[in-house]
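I opened a new notebook page for this one.

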Amino acid sequence: MNHTDKNYWSRRSFLLGMGATAVSVASGCAINANRAPQGLSAAALAVEQVVDPKTLEKPNLTVGYVPVNDCAPFAVAWEKGFFRKYGLNVTLSREASWGTARDGIIFGRLDASPVVCGAVTNARTGAEGARHAPLCAAMTIHRHGNAMTMNKAMWVSGLRPWREYNGNLAEFGRDFRRYFENLPAEQRVWAVVLSSAIYEYFVRYLAAAAGVDPDEEFRIIIIPPPQMVVNMRIGAMQAYMVAEPWNTRAITGNEGIGFTFAQGKEIWQGHPDRLLAVMESFIEENPKTYRSLVKAMIEACQYCSNPNNREEVAQIITNKSFTGAKLNLTRAAIVGEYNYGGFDNQKRIVRSPYTTIFFDLPPDLAQIPHDHSTFMWQSESIWLMTQSARWGQIKSVPKNAEEVARKAWRTDLYRDIAAEMGIECPKDDFKIAPAAAFIDNKAFDPSDPVGYLNSFEIRANRPKSFFLS
């Protein structure tokens, strides 16, 4: 692609331009925060409180959520009375996008909210596209539960779900590059839900692993999750990465505009997806309240994790206050009957209870004693920093990366809170992510993040070779 071409836009200018376009497209069907649930259920009101609200510094909280499957633990905490059990009077706020969820915490409109993995770490480092702020998280909300959707034209061109490439990155890379090379520059677009966060890193990681430089071959824009399908239908992008149910919604038999190329777990098996974020000052000023909030969310995640509850959980989030999606859309990633779709009348259903991981880990991930999904590994925060540096969003991996991870991902608090609930945790904060966990079979050792970063041939600001004739 010729960078002097008048159709070429810089990443930042294109993000700004498409952001305005997306807003104008979405304005006719914007999310109304008043659609958040009102009034507790009879089941919630019947729950016995184990914490007296009068003992909490701030029992009345406003907690955000975004209308995707990720909201399941928040919906369950509301419906089943886990918030009330721990002395909290929570007002749920339905957020229009992951950007508003993050910024709502930073500017004080929200006390807490789930955020896209990467938002907390990058707020600490001041990465491009991330507001610089002392965000913290002590737990994940879930792992997995997201996917990459490609449009019908990509299928027609010969692209297929990653599972059908049998690990052949070179073959996928040829198909992928051929498709984008035949598009005009302005149409070479992939959408994600937030800049400088894990979905953007996954899109870039996949392309680079296949030998395609994402900075050269296509552009990444930001679209709120509920607007992904309509924007793909009108041709605003060729592919997107988002949390369910917005991937399942696109496939044949539903909207019929695309197919699932890969779930996020096929890029990095076991990756964290959403974190429960607050400002550092909230923890300092409201330590008892924070403990109650984390306990309520752990218990909600445990409820969602129980196979006996998953059909019910999938039904709960169909409520218009949460996703407003039909059961066949929410169910796929919650229950674990996942359909990749396609346009050849072939069934591509993969059954796995770990399509979305809320608490209990699958056997191949549960290799460390007492590990579970809501426990945060600070090494994963450092991985996010390597990707931020890889794509020029920060100048380099911070020399104090471990300190940044420690302040951002509060495993110390989680261990204390979990212990009060009788939950044991891993003793360490760092672990090596094995090669088999990643799509390119490249292990991540958090003790050498710079070496890991430099091992990638495709990255921003990499050394260039010059030849004199």
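**Five-stranded sheet.** I began with an open sheet whose five strands come in the order β7-β6-β8-β5-β9, with mixed pairing. Strands pair if DSSP finds at least two bridges between them. Strands (E, at least two residues) and helices (H or I, at least four) are DSSP runs, numbered from the N terminus. The edges are β7 (219–222) and β9, each pairing on one side only. On average, neighbouring strands here are turned by 25° against each other, direction ignored. I noted that helix α8 (residues 169–181) packs on the sheet and touches β5 (146–151), β6 and β9. The direction of α8 makes about 50° with that of β5. For such angles, axes are lines fitted to C-alpha atoms (for helices, over the stretch in contact), and values run from 0 to 180 degrees between N-to-C directions. I also checked β6 and β8: they run parallel and are joined by two bridges. Trp190 has Ala239 in β8 as its bridge partner.

**Ground rules.** I am working with a predicted model, where local features need pLDDT of at least 70 and side-chain atom pairs count only at pLDDT 80 or more, while totals for chains, interfaces and linings use all residues. Residues are numbered from 1 along each chain as its sequence is written, and side-chain values use heavy atoms, with hydrogens and water left out.

**Cores.** Which residues have the most contacts inside the largest nonpolar core? I found Met150, Phe172, Phe176, Trp190, Phe261 and Trp383, in a core of 96 residues. Helix α9 (residues 198–209) gives the most to this core, with nine residues. Apart from it lies another core, of 54 residues, including Leu88, Ile141, Phe322 and Phe358. A nonpolar core is a set of buried Ala, Val, Leu, Ile, Met, Phe, Trp, Tyr and Cys residues joined through side-chain atoms within 4.5 Å. Buried means under 20% relative accessible area, exposed over 50%, and partly exposed in between (1.4 Å probe, protein chains only).

I then looked up Met150. Leaving aside neighbours within four places in sequence, Met150 is in contact (heavy atoms within 4.5 Å) with residues including Phe172, Phe176, Trp190, Ala239 and Phe261.

**Helix α9.** This helix has 12 residues and reaches 16 Å from its first C-alpha to its last, close to the 16 Å expected at 1.5 Å a residue. The expected span is 1.5 Å times one less than the number of residues. Of the 12 residues of α9, 11 are buried, so the helix is largely enclosed by the rest of the structure. Among the buried ones are Glu200, Phe202 and Arg204. Just after α9, Gly211 takes a positive phi of about 85°.

Most residues other than glycine have a negative phi, and most peptide bonds are trans. I found His144 with a positive phi of about 65°, although it is not a glycine. His144 lies in strand β4 (residues 135–144) and is buried at 1% relative accessibility. Ser196 also has a positive phi, near 50°. Ser196 sits in the loop between β6 (189–192) and α9, and it is buried, with a relative accessible area of 1%. Is the peptide bond from Glu244 to Pro245 cis or trans? That bond is cis, with omega near 15°. Pro245 is in the loop between β8 (239–243) and β9 (258–263).

β4 and β13 pair over two bridges, and Arg143 has Ile357 in β13 as its bridge partner.

**Salt bridges.** I noted 26 of them; each is a side-chain nitrogen of Lys or Arg within 4 Å of a carboxyl oxygen of Asp or Glu. Arg204 forms one with Asp215, the closest N and O atoms being 2.8 Å apart. Arg204 is in α9 and Asp215 in helix α10 (residues 214–217), so the pair ties together parts 11 residues apart in sequence. Arg204 is buried at 3% relative accessibility, whereas Asp215 is partly exposed at 28%.

Glu420 and Lys295 form another, at 2.6 Å between the closest N and O atoms. Glu420 lies in helix α18 (residues 411–420) and Lys295 in helix α13 (residues 287–305), so this pair ties together parts 125 residues apart in sequence.
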